Amino acid sequence: MVLVKEYRICMPLTVEEYKIGQLYMIARHSLEQSDDGEGVEVIENKECFDPDHGKGQYTEKRIHLSSRLPYWLQAVCPKVFYVIEKGWNYYPYTVTEYTCSFIPKLHIRILTRFEDNAGTSENCLNLAEEALKTRIVDHVDIAFEEPSEKHYKKEEDPKFFKSRVTGRGPLVEGWRQTDKPMMCSYKLVEASFEVWGLQTRVEDFIQKVSQIAHLIHPSVNRCFRFKCIRDVLLLGHRQAFAWIDEWHGMSIDDVRMYEKDKQMEANDKLRQSLPPAMETDKTQENN
């Protein structure tokens, strides 16, 4: 079974601004989530090329979360468990894929396009007619929907935050119809998993995997209860706006250097607590 849903998340930014903001947010969040053998390890980060989309950036990451596995999965999986994330960033178009070191038939693909509008494009990801018939569109409001209590911070709440650098915010009711500038992240999520006897439980667990990955969203299909995943995208886009005073004005070279520094810090934190075998595996992969 393949489940498909499209998410639209507006922000009071331009697409050009978010090119910097997204990279900053992901790098900072990855470092904050990396500790005690858990979090995001960057394996590759290099330039790539696509005949249709031109030059881009390819990244491969391991999202480590062994101790966060539910007890029923800990009993049958290896001690070291990770999700593999591969991303192709041809901004403003990106492709992200997730697979699992222990569950080979688990596959998630996310197609994203960023546009300068309020979520009004009906098919910017160029879906086929058949896909459009079954597509569900979910609009996410970064101001008037709140993340879980555990992740809520008043200083990151767009209803209260005002940018000193740009003067934007706080966001008020109806902001998506009135605020300028305005952009939208269009994300099409396709998820599939087929292993008899584990499907329902693993589909639920994808929620927790995505909390670390920070990129995916929910499906309302009865097999996928993705409320936690929805919270993740909500949180990430709120943070990208709330941290605007830290990244606004950076050049692409500035943010790539910031990204490189934070990736090195995150990798160092992880490697201090990962089993030696993991370092051996990584070395073999790079040879």
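**Y24 and W243 are both buried aromatic residues of this chain.** Here buried means under 20% relative accessible area, exposed means over 50%, and partly exposed covers what lies in between, with a 1.4 Å probe and protein chains only. The structure is a predicted model, in which local features need pLDDT of at least 70 and side-chain atom pairs count only at pLDDT 80 or more, while totals for chains, interfaces and linings use all residues. Residues are numbered from 1 along each chain as its sequence is written, and side-chain values use heavy atoms, with hydrogens and water left out.

**Aromatic pairs are the topic of the next close-up.** Rings of Phe, Tyr and Trp (for Trp, the six-membered ring) pair if their centres lie within 6.5 Å, and a pair counts as stacked with planes under 30 degrees apart, edge-to-face over 60 and tilted for the rest. The count by this rule is six aromatic pairs. One of them, Y18 with F114, is edge-to-face, at 5.4 Å centre to centre and with 70° between the planes. Because Y18 sits in helix α1 and F114 in strand β6, this pair ties together parts that are 96 residues apart in sequence. Both Y18 and F114 are buried. Y24 and W243 also form an edge-to-face pair, with 6.3 Å from centre to centre and 75° between the planes. That pair links distant parts of the chain, since Y24 belongs to helix α1 and W243 to the loop between α6 and α7, 219 residues apart. Elsewhere, ring pairs join Y18, Y91 and F114 into a cluster. Helices (H or I, at least four residues) and strands (E, at least two) are DSSP runs, numbered from the N terminus.

**The largest nonpolar core has 49 residues, and L13 and Y18 have the most contacts inside it.** The elements that give two or more residues to this core are β1 (2-11), α1 (15-32), β5 (93-100), β6 (107-115), β8 (183-192), α6 (227-242), α7 (244-247) and α8 (252-271). Its largest share, seven residues, comes from α1. A nonpolar core is a set of buried Ala, Val, Leu, Ile, Met, Phe, Trp, Tyr and Cys residues joined through side-chain atoms within 4.5 Å. Residues up to four places away in sequence not counted, L13 touches Y18, D116, R168, P181, M182, M183, F241, I244 and W247, where contact means heavy atoms within 4.5 Å.

**The second largest pocket holds about 240 Å³ of space.** Among the 14 residues of its lining, those closest to the centre are K19, G56, Q57, N89 and R256. At least two lining residues come from each of α1, β3 (54-64), β4 (82-90) and α8. By class, the lining divides into four nonpolar, five polar and five charged residues; Ala, Val, Leu, Ile, Met, Phe, Trp, Tyr, Cys and Pro count as nonpolar, Asp, Glu, Lys and Arg as charged, and the others, Gly among them, as polar. On a 1 Å grid over the protein atoms alone, a pocket is an open set of points where a 1.4 Å probe fits, with protein on both sides within 12 Å along at least five of seven lines, and lining residues have an atom within 4 Å of a point. Grid points are joined across faces, edges and corners, and the volume is the space filled by probe spheres set on the points.

**C48 lies in strand β2, which spans residues 39-50.** C48 counts as buried because its relative accessible area is 17%. Its neighbours within four places in sequence left aside, C48 is in contact with G54, K55, G56, Q57, Y58, W88 and Y90. C48 and N89 are 41 residues apart in sequence, and their C-alpha atoms are 8.7 Å apart in space.

**V140 belongs to strand β7, residues 137-140.** V140 counts as buried because its relative accessibility is 0%. The C-alpha atoms of V140 and L233 are separated by 8.6 Å, although these residues are 93 apart along the chain.

N126 counts as exposed because its relative accessibility is 63%.
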